[in-house]
Amino acid sequence: MSATAGTAAGEAGSRQLRDFGTGLLHTVVSRSPDGGYTWRRENGPEAPAPFVPADGGLHRLIAGLEPDTVRWSLGVPDQAARLYRVRGPESLAGRLLREGPDRDTAATVRGLGQALRELHDTAVPAGTDAGEGPRGLRRLTDWLDGRSPSPRAAYAESLLRPALGEERLAVVRGLAGRMRGGDGAGVRLCHGAAALGSLVPAESGTGPRGAADMLIGEDLCLAPWQFDVGWTLGELVELKWYRGDRHPAWSGMAEALFEGYGRDLADAWQRHAALRVLLHLHDYTAYVGWDRAAFDRYTGFVKFLLDL
């Protein structure tokens with residue numbers, strides 16, 4: 001079965017391993033009696049928008065997809081939360097942040113690229129409700145337009161304008177507008193938040209080299225293909241920068257993603273990476289806390305990306 005899923009009834013006897021979250025998202029990871037894992041995710045108390053409804057037409061399109069290395073784990077509703085059955089206890093983001101890449105990381109990232117390409121190539125029936133575009137992009141554009149409901153984020157936005165300058169902000173806003181896909185041109189079925197924090201490497205012996213499960217469903221939308229690929233690329237770029245890591249394996253991560261997907265972002269990759277880094281800065285500020293040193297460091301990195 002390509003889209004793995006858990007049920008509430010099957011979680012009796014599970015052993016909780018981790019419980020973590022922010023004002024945006026709360027996650028509980030448990031070990032299941034059958035030896036697998038269940039991730040339970042729900043919106044945090046300050047989340048500005050609910051998950052995409054699980055009974056929508058976009059979700060039904062996932063069931064027939066059969067990617068190889070990276071499988072889709074489609075969430076099953078558990079009241080307001082979603083349950084995901086996966087083969088590991090930790091996300092790739094957590095592993096990369098702690099240890100950097102290992103010999104299997106490129107295979108996992110390549111597999112994600114392949115899975116995203118299959119998702120994007122899925123035909124969407126005419127008239128399918130796609131909502132208002134990616135949820136994360138709505139958070140970002142509301143922030144950049146001075147409409148953030150978070151006082152911390154609103155304060156940060158007042159500092160962002162002089163820090164980046166109007167010319168760079170115009171570039172970001174222009175790209176964000178194109179990624180909203182409002183005119184319907186060139187939009188595809190998209191994951192909507194193709195984060196490495198949702199990519200769960202499988203434990204040894206439960207799949208081929210680099211095997212992983214990608215949580216999907218909370219942010220499904222119609223958008224240009226570059227939105228998903230740019231999100232993942234931006235996280236790879238950010239993690240390498242954040243760690244200050246010169247491990248040679250990092251140099252092949254973007255290439256692995258593009259190789260798996262079958263095309264790249266050409267000379268727009270820097271702008272897509274900057275878009276994702278800015279969204280991360282917003283989400284940290286709005287849902288975790290204010291840190292002036294982190295704000296200055298991140299805005300400096302965004303300027304570097306936009307000026308490349």
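**Reading helices, burial and salt bridges**

Mentor: Start where a helix ends. Helix H2 is followed by Gly100, and the phi of Gly100 is positive, near 80°. Keep in mind that this model is predicted.

Trainee: Which residues of helix H2 are buried?

Mentor: Buried means under 20% relative accessible area. In H2, residues 92–99, the buried ones are Leu92, Ala93 and Leu96. They lie on the same side of H2, because they cover an arc of only 100° around the axis.

Trainee: What do the buried residues of H2 pack against?

Mentor: Three elements: helix H3 (105–120), strand S9 (199–201) and helix H7 (225–243).

Trainee: Let's go to H7. Is Phe227 buried or exposed?

Mentor: Phe227 sits in helix H7. Its relative accessibility is 6%, so Phe227 counts as buried. Leaving out residues up to four places away in sequence, Phe227 touches Pro134, Leu137, Met179 and Gly192.

Trainee: How do the axes of H7 and H9 cross?

Mentor: Look at the angle. From 65 to 115 degrees, a pair counts as roughly perpendicular. The axes of H7 and H9 cross at roughly 75° and come within 8 Å. H7 and H9 are therefore roughly perpendicular to each other. Residues making the contact include Trp231 and Leu233 of H7, and Trp269 and Val277 of H9. The contact residues divide into seven nonpolar, five polar and three charged.

Trainee: And where is His282?

Mentor: In helix H9, residues 269–287. His282 is buried, at a relative accessible area of 3%. Apart from neighbours within four places in sequence, His282 is in contact with Arg139, Trp143, Ser148, Ala153 and Tyr287.

Trainee: Now charges. How many salt bridges does the structure hold?

Mentor: There are 22. The test is a side-chain nitrogen of Lys or Arg within 4 Å of a carboxyl oxygen of Asp or Glu. Arg85 and Asp34 pass, at 2.3 Å, N to O. That pair links distant parts of the chain, 51 residues apart. Compare burial: Arg85 counts as buried at 15% relative accessibility, whereas Asp34 is exposed, at 58%.

Trainee: What does Arg41 form a salt bridge with?

Mentor: With Glu218, the closest N and O atoms being 2.8 Å apart. Arg41 lies in strand S4 and Glu218 in the loop between strands S10 and S11, so the pair ties together parts 177 residues apart in sequence. Arg41 is buried, at 7%. Glu218 is buried too, at 4%.

Trainee: Which residues are linked in a network of salt bridges?

Mentor: Asp142, Asp145, Arg147 and Arg173.

Key
Residues are numbered from 1 along each chain as its sequence is written. This is a predicted model: local features need pLDDT of at least 70, side-chain atom pairs count only at pLDDT 80 or more; totals for chains, interfaces and linings use all residues. Side-chain values use heavy atoms; hydrogens and water are left out. Helices (H or I, at least four residues) and strands (E, at least two) are DSSP runs, numbered from the N terminus. Buried means under 20% relative accessible area, exposed over 50%, partly exposed in between (1.4 Å probe, protein chains only). Contact means heavy atoms within 4.5 Å. The arc is that of the directions from the helix axis to the C-beta atoms. Axes are lines fitted to C-alpha atoms, for helices over the stretch in contact, and angles run from 0 to 180 degrees between N-to-C directions. Angles under 35 degrees count as roughly parallel, over 145 as roughly antiparallel, 65 to 115 as roughly perpendicular and the rest as oblique. Ala, Val, Leu, Ile, Met, Phe, Trp, Tyr, Cys and Pro count as nonpolar, Asp, Glu, Lys and Arg as charged, and the others, Gly among them, as polar.
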